[in-house]
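Take a look at the model below. This report walks through a few of its strands, helices and contacts.

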Amino acid sequence: MTKTDVVVIGAGAAGIGAAITLAEASKNVILLEKGNRYGGAGMFGAQGLFAVNSQQQQASNSSLTLAQAYQEMMTYTHYRSNAPLTKAILSKSANTIDWLADHGLATELVNNTQEVHQDRPRVYHQYIDKFAGFERLMQHFLDHGGILKTETAAKSLKYDGQQVTGVVVEHDGHETLINCQAVIVADGGYIGNPEMVKQYLDIDAKNLFSMGERKATGDGISMLADLGADTKSLGTFENHAASVVSDSDPKWHNDTIFTLTNLPLLWVNAAGKRFVDEGIVYDFALWGNATYQAGGYYYFVIDQHLIDQLKTSALPLTHSFERTFTTLAHQEVTHHVGPFTEIDADLAQAVEKGAAFKGNTLAELSAQLHVSAGQLTATVARYNDLVQRGHDEDFYKAGAFMNYPVQQGPFYAIKARSTSLGTIGGIETNEKLEALKPNAHPIKGAFVAGNNASGMYDTSYPTIEGISCAFAWNSGRIAGESASHLIETGTQNYYEA
Ligand SMILES: Cc1cc2nc3c(=O)[nH]c(=O)nc-3n(C[C@H](O)[C@H](O)[C@H](O)COP(=O)(O)OP(=O)(O)OC[C@H]3O[C@@H](n4cnc5c(N)ncnc54)[C@H](O)[C@@H]3O)c2cc1C
C-alpha cells in the first residue's frame, strides 16, 4: 500500500497539466499511465492548441477578444454548454501558452489550418519540437518530486461515503491500493472501448473510424459512475472529417483515394441522394457533422472522364487537408491536385479492398451500393444539370466546384465514413472541474479533466481550431489547482475557505 496526496489517472495533456500543477504546489502526486509512454492523444496526434489573447496574438495585433471567443463558443453550442466552465477555460488559455513554454513546450502562432478559417483571427498555437517538449514537461514534474508510474492502470476508486480515499491500481498483473485524498480522472474518455461506443454513441460502430487514443477505454468514467457521478452527457464525440477505410485490411491507405474524397465534387448518401454543399469539406468539424448526419457515411462519385483527365493534368482544386499539412510544414498551398498517373491502379485497389465500388453504368453502380438505380440516376442527372448551369440551386455550392459532371462510365463510388478523434462527452463537471452527481453536488475528492469532462461542447466538436487540446491542458491545470485547494483546506467549498 502506498500513500500520497493526489492520484492523477492518465498521462495525456490533461493529466500532465494537472500533475505538474500539483507538484509545483508541493503536493505529493502520483501520475498513473496505463501505457508504456506518456503523452496520450495530445502528443501522438495533436499539433497544437487554441488560445485567445496570448502574447503572440497580442504581438500580431489579433482582433479576437476573450468576449468574442466566449460568445462564439456559446452561440455555436446553442448555450447548451457550461458557460462558467467555458469562460474559465478560455480565460486561462493565454496563460497556458506561456506556462507550456516556461515548462519546455514552446508554441508558435500559425495561420489557421483549415481552408475556410483563413480570414478569421489566428488562434492555433502549433507545438515546436513537440516530443522533446513533452519530455521536458515530464522531467519538470519529476524534478518537483512527482512520481510517474507507467504500465499502471487505475482499476477502481475507494470512497468512504464522504470523500475519495484511494485508487486501486494494476501493475504487472498485481493489484495494489494507493491511499490519497483526491483523484483527478483524466484517462481520455472511451473511444477505445467498443462496448461503450455501441452503448452511448448514436452511430453504428461499423461506420465510425477512430483515430483516437486506443487505451482510452472509459475506465475513469466507469469508476466515477460507480460513485454516482452524472453520466448524462456521455454521447458526444469529436466528429472530424471523414475517412476511407477497408474492413478487410484496417492498415490500408492510398494517398490518391484519400485526396479524391477530400474534394468538393459529387457526394451521395445511403439513399443515393445529394445531402449537402460538398464545399463543407473545408471545415473539418462541419464536414464530420455532415457525414454523421448522412448516417455515418457517404459515397464520393467520380466518372471515367474525370479519372482520365486526372491521369495527365492537375485540377485547380484544393485538397482539404493540404492547408493543414502545408501550414504545419510552413509551406505554400498549391490549390491543385494531381496528376495521378496511377489512378486506375489506385481505384482498382480501393475496389479490391472493399473501400470503393465500380459500375459500368449508374444502374450497375447502384446495385453495388444497394441504392435505387432510379434515385442514383436522377441524382446524377440533376447534378449534371446544375453543373451545366454553373449554379447549385439545391445546396448553394460555390460555382468553382461546379465544373465536373458525372457522365461517362465506368463510374466509381468511394465510401467515406464518420471519423472521430475521441469522445468529448464525459462526467458532468463545473468550472472547478469537480466531478458532479446528478444533483450538481461534487463527489468530494473527485475531479475530472480533458476528454473525461463534459460541459465544453454541445452535440459536436466546435469549429474553433485547437479547442480540444486547449480544453485538455486548461482543464487539467484547473483540476490540479482545485485538488490542491482541497489538500490545503480540507474543503471543496470555495466560499468557506
Ligand atoms: C490524431 C489526432 C489529432 C488531434 N489533433 C488535435 C489538434 O491539433 N488540436 C486539438 O486541439 N486537438 C487535437 N486532437 C484532440 C486532442 O489531442 C485530445 O482531445 C486531447 O489530447 C485529449 O487529452 P486527454 O488528456 O483528455 O486524453 P488522452 O490524450 O487520451 O490521454 C489519456 C491517457 O490516459 C491513459 N489511460 C487510459 N486509461 C487509463 C487507466 N485506467 N489508468 C491509467 N492511465 C490510463 C491513456 O493511455 C492516455 O495516455 C487530436 C486527436 C487525435 C487523435
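A residue counts as buried if 20 or more other C-beta atoms lie within 10 Å of its own. Keep that cut-off in mind for what follows. The model is a predicted one.

**A strand covered on both faces**

Start with strand S2, residues 6-9. Val 6 and Val 8 sit on one side, Val 7 and Ile 9 on the other, and all are buried.

S2 pairs with strand S3 (residues 29-32) in the parallel sense. Val 6 faces Val 29 of S3. To get from S2 to S3, the chain passes through helix H1 (residues 13-24). This β-α-β crossover is right-handed. S2 also runs parallel to strand S11 (residues 182-185). Here Val 7 stands opposite Val 183.

**A sheet of 3 strands**

Elsewhere, an open sheet has the strand order S4-S6-S5, with antiparallel pairing. S4 (48-50) and S5 (107-109) are at the edges, each with a single partner strand, so one side of each has no neighbour in the sheet. From one strand to the next, the twist averages 30 degrees.

| Strand pair | Sense | Bridges |
|---|---|---|
| S2 and S3 | parallel | 4 bridges |
| S2 and S11 | parallel | 4 bridges |
| S5 and S6 | antiparallel | 3 bridges |

At what angle do helix H5 and helix H16 pack? The angle is about 90 degrees, and the axes are 9 Å apart. H5 (residues 83-102) and H16 (residues 467-489) are therefore roughly perpendicular to each other. On the H5 side, the contact is made by Ala 88, Ile 89, Lys 92, Ser 93, Thr 96 and Leu 100. H16 contributes residues including Phe 471, Trp 473 and Arg 477. The contact residues divide into 7 nonpolar, 4 polar and 2 charged.

**A loop residue beside them**

Met 456 lies in the loop between strand S19 (442-448) and H16. Is Met 456 buried or exposed? It has 26 C-beta neighbours inside 10 Å, so Met 456 counts as buried. Apart from neighbours within four places in sequence, Met 456 is in contact with Ser 81, Leu 85, Thr 86, Ile 89 and Phe 471. Ile 89 and Phe 471 also belong to the contact of H5 with H16. Met 456 and Phe 471 are 15 residues apart in sequence, and their C-alpha atoms are 7.9 Å apart in space.

Methods
Residues are numbered from 1 along each chain as its sequence is written. This is a predicted model: local features need pLDDT of at least 70, side-chain atom pairs count only at pLDDT 80 or more; totals for chains, interfaces and linings use all residues. Axes are lines fitted to C-alpha atoms, for helices over the stretch in contact, and angles run from 0 to 180 degrees between N-to-C directions. Helices (H or I, at least four residues) and strands (E, at least two) are DSSP runs, numbered from the N terminus. Angles under 35 degrees count as roughly parallel, over 145 as roughly antiparallel, 65 to 115 as roughly perpendicular and the rest as oblique. Two residues are in contact if their C-beta atoms, placed from the backbone, lie within 7 Å. Ala, Val, Leu, Ile, Met, Phe, Trp, Tyr, Cys and Pro count as nonpolar, Asp, Glu, Lys and Arg as charged, and the others, Gly among them, as polar. A residue is buried if 20 or more other C-beta atoms lie within 10 Å of its own, exposed if 12 or fewer, and partly exposed in between; C-beta atoms are placed from the backbone. Two strands pair if DSSP finds at least two bridges between them. A crossover is right-handed if, with the strands pointing away from the viewer, the path from the first strand over the helix to the second runs clockwise.
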